[in-house]
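Good morning, colleagues. Please turn to the sequence and the model on the screen, and I shall take you through a few of its local features.

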Amino acid sequence: MTGIAYNKKETDPVTSIEQLLTDPKLKGKVTCLTEMPDTMGLVMLSNGADPTTVDPAAFDDAIATLQDAVDSSQIRRFTGNDYGDDLSSGNVAAAMAWSGDVVQLQLDNPDLEFVLPDAGGMIWTDNMLIPTGGDVFTASTYMNFVYDPKVAAEIEDWVNYICPVSGAREELLKIDPGVAKNPLIFPTDEMLANVKSFDAEAADNAEYKEQFQAVIGGLSIALATIHFPDVTRDLVLTAVFGGALLVGSAISPLFRRVFAVRRILLLELWTWTGSALFVIWPNVYVLAASTIPQALTIPSTDSVVHGYRL
């Protein structure tokens with residue numbers, strides 16, 4: 001499930017996307033997800049729209065809502081599931097988050113809380129697919145294996161995301177009752193009634209993707225001039241890699257006399273490049289985080305002959 005995670009030491013309960021994106025107490029301490037269906041789905045629900053059948057006007061309204069939060073510096077950055085460290089440390093007070101991540105993060109930090117927003121959350125599936133030309137018998141044998149309730153229970157005890165296999169909860173109760181009773185892993189009927197799946201066609205709509213990228217990609221540039229609350233971390237990284245630059249420059253003349261010039265030039269180039277990247281690392285990182293995930297695509301369904309929902 002996709003909802004809101006917040007650090008109870010850093011903020012009062014955050015129970016709505018509107019609060020997440022507009023509460024001045026959270027300004028600069030909020031992250032949203034680079035996955036368009038998750039982020040836009042939550043914002044659309046908050047706006048009173050239905051993300052299961054995306055209407056262009058409703059999508060535009062949600063984009064405008066998200067853009068306002070970017071322009072006001074409410075949103076710190078857009079992330080994959082790398083929001084965990086910042087959320088646990090307090091650099092981020094609240095985030096759009098995935099339930100399975102929070103289950104695992106809570107093991108080290110019980111102050112983290114996951115909630116489905118008042119207007120509803122999102123739900124999604126990972127899938128096992130057999131490409132055209134694949135070995136259907138072998139792949140199906142494996143699929144049947146992981147759908148055995150006992151096997152599924154063992155997988156669930158490690159993965160901690162929602163389990164779709166009937167009978168797995170009963171098996172898990174025998175080996176790890178705490179996990180089996182966690183509603184983030186085996187949600188109640190009430191919770192499942194309060195989540196939606198994003199419109200599959202809209203999720204693959206090139207125009208929608210471009211609109212979304214324009215919002216989250218723009219944050220990368222804006223962050224260069226707005227702020228970085230975790231200044232200490234940036235200074236430490238800058239000092240470490242800046243030091244590496246100086247050391248590399250100092251010892252490279254000596255190495256040139258001992259080793260082949262070509263090799264040491266490569267070493268010096270690496271030192272300078274690595275140092276330069278980490279001096280400006282936040283912008284490089286955010287740019288990569290906001291563009292690479294959307295650039296990766298799954299083959300179209302035409303190339304798939306069998307699919308099983310996980």
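Let me begin with a question: is Arg76 buried or exposed? In this predicted model, Arg76 is buried, with a relative accessible area of 5%. The residue belongs to strand β3, which spans residues 75-79.

I turn now to the aromatic rings. In one of them, Phe78 and Phe212 have ring centres 6.5 Å apart and planes at 85°, so the arrangement is edge-to-face. Phe78 is in strand β3 and Phe212 in helix α12, so this pair ties together parts 134 residues apart in sequence. Both partners count as buried, Phe78 at 1% relative accessibility and Phe212 at 0%.

A further pair, Tyr83 with Trp98, is tilted, at 6.4 Å centre to centre and 50° between the planes. Tyr83 is buried, with a relative accessible area of 1%, and Trp98 counts as buried at 10%. Ring pairs also link these two residues with Trp124 and Tyr161 into a cluster.

Finally, consider helix α6, residues 136-146, whose buried residues are Ser140, Met143 and Val146. They cover an arc of only 125° around the axis, which places them on the same side of α6. The face turned away from that buried side carries the exposed residues Phe137 and Asn144. At the start of α6, a side-chain oxygen of Asp135 comes to within 3.2 Å of the backbone nitrogen of Phe137.

Definitions and conventions. Residues numbered from 1 in each chain as written. Predicted model: local features only at pLDDT ≥ 70, side-chain atom pairs only at ≥ 80, totals over all residues. Heavy atoms only, no water. Buried < 20%, exposed > 50% of the residue type's maximum accessible area, 1.4 Å probe, protein only. Helix = DSSP H or I, 4+ residues; strand = E, 2+ residues; numbered from the N terminus. Arc of directions from axis to C-beta. Polar contact = N/O pair within 3.5 Å; in protein donor to acceptor, adjacent residues only side chain to side chain. Phe/Tyr/Trp six-rings, centres within 6.5 Å; stacked < 30°, edge-to-face > 60°.
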